[in-house]
Structures are given as structure tokens and as C-alpha cells.
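Let's read a structure together, one feature at a time. Have the sequence and the 3D view open while we talk.

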Amino acid sequence: MAFRKLGRKGRRTKLMVNTARSRIHRLRYLAQKVDLEGQEDLAKRYLTLARKIGMRYNIKVKDKTIRCRKCASPLLDGGQVQVRVKRGRIIRHCLNCGDTYRIPIRGKKGGQPNKEEA
Ligand SMILES: [Zn+2]
């Protein structure tokens, strides 16, 4: 079976990493879904689980875009967050505590976003 090697030490196989990746993706999707339904605690829990899986398999979970660092509430699109694009940066504003996160969009000097990323 695919996960016979899960208990072993050492390198993670590609299959394990890919499975972890799809689980993180699924958890983020679920978190967004329940957040829109108003179950914020459940969304928090899902994001915590996604982060834990990411830590185990060295997968970066883009925390800055999904969770407030100040009050730990989920910053998922359509939830407790205001998203604006200003001067080549994505600005995510937490509506719970008022904290702001600015994430630069890579592109030309002057802040024009790339066509691929827009
Ligand atoms: Zn916050």
C-alpha cells in the first residue's frame, strides 16, 4: 500500500509530499467554505491542521494570505478580510483587529503587476 512507509524515518517520498499538498489544498478550501458559513472556529482549526501538515513535509503554507498574525483569525477571501490592490501591492485588512498585511506583486518597477499574475 501507498502509506506503508509513513512511519519510517528519513526522506519523504514524492507521493507523501504530493498527498500532503493535496490535503493542505483541501483543508484550505474547507476552511474558506466553513468561514463563509460563519463557523470561524472550525476554519481556524482547518488552517491549523493545514499548517501542521505543511510543517511535517516542508511545504510552505502561505500564512500571510490566510491567517491574521495578530488575532489568528482566518483571512480567507469573502470572510473577515478586506482585499485591495494598491501601488502594486495586495493589501489584506483584517476586519477583526484592524491589522494590515501588504504583499507585493512581483513585476516591473513602478508596481505594475505582471500579465501572468494579474
Ligand atoms: Zn486580525
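**Reading the structure step by step**

Q: Where is Arg87?
A: Arg87 sits in the loop between β1 and β2. Helices here are DSSP runs of H or I with at least four residues, strands are runs of E with at least two, and both are numbered from the N terminus. This is a predicted model, where local features need pLDDT of at least 70 and side-chain atom pairs count only at pLDDT 80 or more, while totals for chains, interfaces and linings use all residues. Residues are numbered from 1 along each chain as its sequence is written, and side-chain values use heavy atoms, with hydrogens and water left out.

Q: What is the phi of Arg87, and what is it for Asn58?
A: Start with the general idea: most residues other than glycine have a negative phi. Arg87 has a positive phi, near 50°, and Asn58, also not a glycine, has one of about 55°. Asn58 lies in the loop between α2 and α3.

Q: Is Asn58 buried or exposed?
A: A residue is buried under 20% relative accessible area, exposed over 50% and partly exposed in between (1.4 Å probe, protein chains only). With a relative accessible area of 73%, Asn58 is exposed. Arg87, at 75%, counts as exposed, and so does Arg106 at 64%. You will find Arg106 in the segment after β3. Its C-alpha is 8.0 Å from that of Gly88, although 18 residues separate Arg106 and Gly88 in sequence.

Q: How many residues does helix α2 have, and what span should they give?
A: The expected span is 1.5 Å times one less than the number of residues. Helix α2 (residues 40-56) has 17 residues, so it should span 24 Å; its end C-alpha atoms are 25 Å apart, which agrees.

Q: Which residues of α2 are buried, and which are exposed on the other side?
A: Ala43, Tyr46, Leu47, Ala50 and Gly54 are buried. These buried residues fall within an arc of 95° seen down the axis, so they line one face of α2. That arc is taken from the directions from the helix axis to the C-beta atoms. On the other side, Asp41, Lys52, Met55 and Arg56 are exposed.

Q: Which residues touch the most other members of the largest nonpolar core?
A: A nonpolar core is a set of buried Ala, Val, Leu, Ile, Met, Phe, Trp, Tyr and Cys residues joined through side-chain atoms within 4.5 Å. The largest one has 17 residues, and Ile24, Ala31, Tyr46, Tyr57, Ile59 and Ile66 touch the most other members. Its largest share, eight residues, comes from α1.

Q: Which residues coordinate the zinc ion?
A: Donors are N, O and S atoms within 2.8 Å of the metal (3.2 Å for Na, K and Ca); water is not among the atoms, so sites may look incomplete. Here the SG atoms of Cys68, Cys71, Cys94 and Cys97 coordinate the zinc ion at 2.2 to 2.3 Å. Their spacing in sequence is C-x2-C-x22-C-x2-C. Cys71 and Cys97, 26 residues apart, link distant parts of the chain.

Q: What is the geometry of the zinc site?
A: Ideal angles for four tetrahedral donors are 109.5 degrees. Four donors count as tetrahedral if all angles lie between 85 and 135 degrees. The angles at the zinc ion are 106 to 115°, and the site is tetrahedral.

Q: How many disulfides does the structure hold?
A: A disulfide is a covalent bond between the sulfur atoms of two cysteines, counted here when the pair is within 2.5 Å. The structure holds zero disulfides.

Notes. Four donors count as tetrahedral if all angles lie between 85 and 135 degrees; four count as square planar and six as octahedral if opposite donors are over 155 degrees apart and all others between 65 and 115; anything else is irregular.
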